[in-house]
Each structure stands twice: as structure tokens, then as C-alpha cells.
Amino acid sequence: MAHPHLLAPGRIGTLELRNRILMCPMGDNQATDGGYVTDQQIDYFEARARGGASLLLVGSVGVTAPDGLSTPRQSAIGDESFEAGWRRMADRVHAHGAKLALQLVHNGKNAVEDIVAGRPLLVPSLLHKQPEADPLMGMLTPDEQANMGTAAQVKGGRIEFREMSRDDIAAMVSAYAEAVVRAREVGVDACELHAGHGYLIDNFLSPTTNHREDEYGGPVENRARFLVEILAAIRARVGRDYPVWIRINGGEAFVEGETLDDACRVAELAEAAGADAVHVSLYADPARAIGYTEAHATHLPGRFVPLGAAVKKRVGIPVITVGRLAPDDAERVLADGQADFVAMGRKLLADPELPNKLVAGAPETIRPCMYHYRCISQIFVRSHVRCAVNAMTGFESTRRLEPAAASKRVLVVGGGPAGMEAARLASLRGHAVRLVEAADRLGGRFALAARTAEPNAELLGWLVGEMERNDVDVRLGERVDARAIAEAGFDEVILATGATWPRPEWGVGDARVVGIDDLSEWLEEEGDERGRHFVVVGGDRAGLALATVARRRGASVEVIEATEVFAAANGLVGRWRYVHDAREAGIELHGGARVLGIDAEGLRWTARDGAERISPADLVLVASGARAGSSLAAALRPLGVEGRMIGDAKELRFVEGAMESAAELVLSL
């Protein structure tokens, strides 16, 4: 077995688990308004139970709903009326041999729904000063701005804080204990107390938000008193047999807040109070745009492992580690004794079957995450969870991969992500699939993107492998015209021919101006560009990726973008990360800019203030101006053949759109 430690049975308190892979608690926004469990939410978790994870943690379950929630559709267990839904979910999860745990929370100063309702936000102490938002967090599309629903955008919403009295604290302690009792009564196997990430318990733990001068403030032992009292109340109600543990920050980034030593001490106190395990994450200043990818959705693989390892040296209970860990890395962490369990989030959104595929000895079949951060970003726009590379995630109830009623002969034209995903799904449904690609390799223009970032290369490699694993008849270096398609008599014709990328009029005839389709050789060469100045026209993810490659090779780089939003195709959290990284690398980003032309001095453009600028340009990389559409679709119609467009041929939405449009079409065949 290639992952013996990861796949070994484990135990947390009295909870027996079939392996060491836990589903990370993540807000999924799939509950009803008010926090009640939905069928869609059950289907979502059932898919991960069926996929082999040992324990599914439901993220951010409100203990005092409707009070204390951050979004209308945050899961909750505020009273007995919530119990039936959790009982149904537990039954469905158990049917697949997995266990279910609820991560219990009160959102504290982040309880936006309290602002909406005119309730004060409960805090351990009044804030000394309001944080100033990072300007990068304002880089939003109009649709995102309309859907953000932050406190500042709540009509008539007024932010009011209330410092919790001892009576408030006692009532909240009781609310947590009551929630655990309810969970146990409906068959939920365990509960995790969310004592991190800036929520109420963490507001007490962190010196950045706890300035109390009574027994709940000051040294870490006092700041942990609220958590210890909650654990004591829970044990008084359910005894020691019911598994309960905590999730804490191993530190705080960008502020002088909780330290790793604080975390170790909190873990010791929690163990003494009856916690069965410690789940170690990291938090960051929420006013910093990159805080989310520095902290709980870390961009740096394995960043939290040393934090969990330090805690593990101080306690005798299991430690759960988390944070962008691939299976091989997770295996090493467990083998080295740095943790006892590994929680996976994005990995199980991209491929719920990851544990089963490891058991089968087929890790190459695991669909990789692309780190677009679509998943976590959905919370910001008050929408349910989804995944850029897996169109089924968050749509398990409506997008079901089932055998087709009748097998059809399906032709897919185009071997990029949309075409390969369509071919994969059609084959899995029982159709006979032929994929025709004019180039001598699969990938389309995404093959170029694969040379700019390792996650892109991993996704491309997986898609190419799926063609062989699913017996797709792939024809490379073959062009098809409308008449040949019509004469072949396919039952379905899917056009995944991609967008067209015409050369801009101002660049015609100038050898310095190159488009996406001209970059294959340049990307492959890995040349030295020191002393040269590049301009990238188009600031979406592709433009930033090309700019990053040029900068890495030593060129000075500017990016010209017509809108004010860079990396618009990414989720918000991913956008903030990639824009920040570009700036940190020394890439100049110019938003609200319009290209005028190019001459001997360089690229001429107007800035947002209307002033004309000139950028010296040894090379201009054009990563904008793509157009959806397919001439082949128009040629097929007079011949009585409907060519169904997907991917960028249908709409410019890049990989995420490719996956979604392929799934929507193929599941309807």
C-alpha cells in the first residue's frame, strides 16, 4: 500500500475512523435561509462519504441561530427544530461507512446577520480601533459588488458591539453544551468547537480582540477560560464517551496576536478540560486581502504542519493538521509523527473519490485542485460552494453522473479542457466517443497555460490520462470539416474548438506584438530575458501568468488592463493572492488603461486619468481580445447537424466554464 499511514484506521476519543483522511470543515452555504439542512447539502456530504473519507466535518454550524450567523444560509443547530435535518444527514453519511461531525460556532464580531437584524455583535471587549480594509479587497467586478452583502452594504445596517457580561458568557457556554447534546441525540458522531479564525471563542483567545481586565482577559490561561468552561459544560452534559475536540489557531499573521506558544498552552488547557483532539490551523488579519491565503486556505503547501507538530509535543491527544497537503505529503507528515490525522478541503472538493482512489492504488486518477479559490470565494458573494475544476461540487443533486438511457455515437471536436471533460463524461455515461484534435497533442491553448503553473500542468496531465483510462477514441493531427461530420452520421456533435484570438489592429505587422497562439516556443524555451522590457495587454489570469513567467526570467514587466479588475476569472481570494504576488514580484499593473498603438518608442496607452503614457516594449504579449463562437457550428446547420458548443467556443469562462459547460451538456444527452 503506497499510503499506509494515511489509510490506517484511527481513533479520536471513542470515535473509530477507517482512515486518517478527514474532510476539512468549510462553510458551504447550502442550508436554507435560517440554517436548516437541505437535500442538496446532504447529497454534497454523501458524495464525500461515498468517496471514502473517514470523517466529514460540517463547517461553521451556528449554535444560537438565528443569532450569531454570518450569512443567511450558514448551517445551524440553534434549537430542536434543526434536529431532523441533521438526523437525515447522519443516516446518509453512515450508510457509506463514514462518520459525521459538526463544527460548532458563534460568529462573534463576524455575525453579519446580526447587523442585518439590528442586533449588537457580541464581543469579549470593545475594539480599540476598527481595522482598515486593504484596498486590494475592493478589486471587485460589478456582480461581485452587488452580491457581497458585507456589513457596510446592508441597507440601514449599523454596526454595534456589545461587550459580553458574565451572564452573556454563561448563556453562551450553555448554548454550546446544548448544541452538543442535540448533535449526539440525532446521531452525529462528534463535535468540534471552532476556537479559531476570528469567531467568538477565538475573540476571547486572541489578545488582538480580548482586552478584558477580569478573569477572562490578560494571560493566556484567562483568555482560554471561556473555552475551558464550554468544554466543562459539555462534559457535564454528555460525559467523556462522546467525542469533542477543538480547532485553534497556531498563530496569527500580520498582527501581534496569538502565538504558537499560546496555542500550545490552550491545547494543554483544553486537554485537561476534556478535549479529545486538537485541530491546528492559522489565522490572519481579515483586513488584509492575502490573509485568507496566508491563513486557513493557505497558498503555501504544508504551512501549518510545523504548528500542529509543535502542539503535538505538548499534548497526549491526537492532533489534526491541515493546509494544502497532497496525499504523498500527508503520508510523510503522519509517518514522521507530526500529526495523527490530516484534514483535506480543496482536495475533496476537486475529487470526492480521493480516498477510494488511494485505497485502489490509483493516485494518478485523482482530479487535482487548480487553486482558483472559487470554493472559499463563494462565501464572500453569499453563494453556495462550487469548484473550478469539478462542476459536480455543490450541484450533486442536479448534476448526476448516471448511465445514459441509450448509447450514442458522440463526436467531440477540440482537445482542450472542455473537449476532454465532455469526452470523459460522455464515455462514463456509456456513449461511444471520438475526440478529434487538429494539433499533434491534447490540451488546446491550456497546454500553454500548463507551462506557466504547476497546478495547470497537473490538471492537464489528469485530463489527458482520463482519455486513455476511459477508452476515448482520440484522433490527433486531424481536421474535420462540416461535410465530413455530416456524412459520418454521429448522434451528437460537441464543438469544443475554443475561442478565437485575433491579433489587435494596432499590432498587425509589428514583430514585437505576439498573441497567445504565438507563445508556444517562447514558453518552452525558458530563456533569459534580463535587460528586456515586456508589456502584457490583458490582465486576467492568463495575462498575469505570462507576466509572471517573463518576470521570473528577468524581464521588467507591465500589465495593461482595460478594467479595474485583474484576474477576474478567479474567485476573489485567488484574485487577491495572484494580484498581490504579481506586485510583490515587481510587475507593474495598470488598470483602467486603453491601448492606443505601438511605435518606435514603445506601446502607447492612456491611463485611467486620461493621460497618455508610453511603455518601452521589446515584446508585447497580447492576452486579451478573445472571442467566443465557432464557424464550424454555422457550417453544420445547413447540413442538418446541430453542433453544440461548449467551453470558450460558447462563452469566455476559461477552465471553470469549460468544466461546467461540458458537464451541463453531456449530462443532458
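Let's start with an open sheet. Three strands make it up, in the order S21-S22-S23, and the pairing is antiparallel. Strands here are DSSP runs of E with at least two residues, helices are runs of H or I with at least four, and both are numbered from the N terminus. Two strands count as paired if DSSP finds at least two bridges between them. At the edges sit strand S21 (594-599) and strand S23 (612-615), each pairing on one side only. Neighbouring strands in this sheet are turned against each other by 25° on average, direction ignored.

A quick note on the source. This is a predicted model, where local features need pLDDT of at least 70, side-chain atom pairs count only at pLDDT 80 or more, and totals for chains, interfaces and linings use all residues. Residues are numbered from 1 along each chain as its sequence is written, and side-chain values use heavy atoms, with hydrogens and water left out.

Back to the sheet. Strand S22 covers residues 602-606, and four bridges join S22 to S23 in antiparallel fashion. Thr606 stands opposite Glu612 in S23. S22 and S23 form a hairpin, with five residues between them. In that turn, Gly610 has a positive phi of about 90°. As a general point, strands of a sheet pair through backbone hydrogen bonds, either parallel or antiparallel.

Now the whole chain. The protein chain has 24 helices and 25 strands. Its C-alpha atoms fill a box of roughly 75 × 60 × 50 Å, taken along the principal axes. For 669 residues, a compact globule would have a radius of gyration near 26 Å, and the chain agrees, with 26 Å. That radius is taken over C-alpha atoms, and the globule rule is 2.2 Å times the number of residues to the power 0.38.

Next, helix packing. Helix H9 (residues 260-272) and helix H11 (residues 305-312) pack at about 45°, with axes 9 Å apart. Axes are lines fitted to C-alpha atoms, for helices over the stretch in contact, and angles run from 0 to 180 degrees between N-to-C directions. H9 and H11 are therefore oblique to each other. The cut-offs: under 35 degrees is roughly parallel, over 145 roughly antiparallel, 65 to 115 roughly perpendicular, and the rest oblique. Which residues meet? Leu260, Cys264 and Ala267 in H9 meet Leu307, Ala310 and Val311 in H11. Contact means heavy atoms within 4.5 Å. The contact residues of H9 with H11 divide into six nonpolar, no polar and no charged. Nonpolar covers Ala, Val, Leu, Ile, Met, Phe, Trp, Tyr, Cys and Pro; charged covers Asp, Glu, Lys and Arg; the others, Gly among them, are polar.

A second pair: helix H1 (residues 39-50) and H2 pack at about 25°, with axes 9 Å apart. H1 and H2 are therefore roughly parallel. On H1 the contact includes Asp39, Phe45 and Glu46, and on H2 it includes Arg88, Met89 and Arg92. The contact of H1 with H2 divides into five nonpolar, two polar and five charged residues.

Last, two backbone details. Most residues other than glycine have a negative phi, and most peptide bonds are trans. The bond from Ala65 to Pro66 is cis, with omega near 10°. Pro66 lies in the loop between strand S4 (55-62) and helix H2 (83-94). Arg324, not a glycine, has a positive phi near 50°. Arg324 is in the loop between strand S11 (319-322) and helix H12 (327-335).
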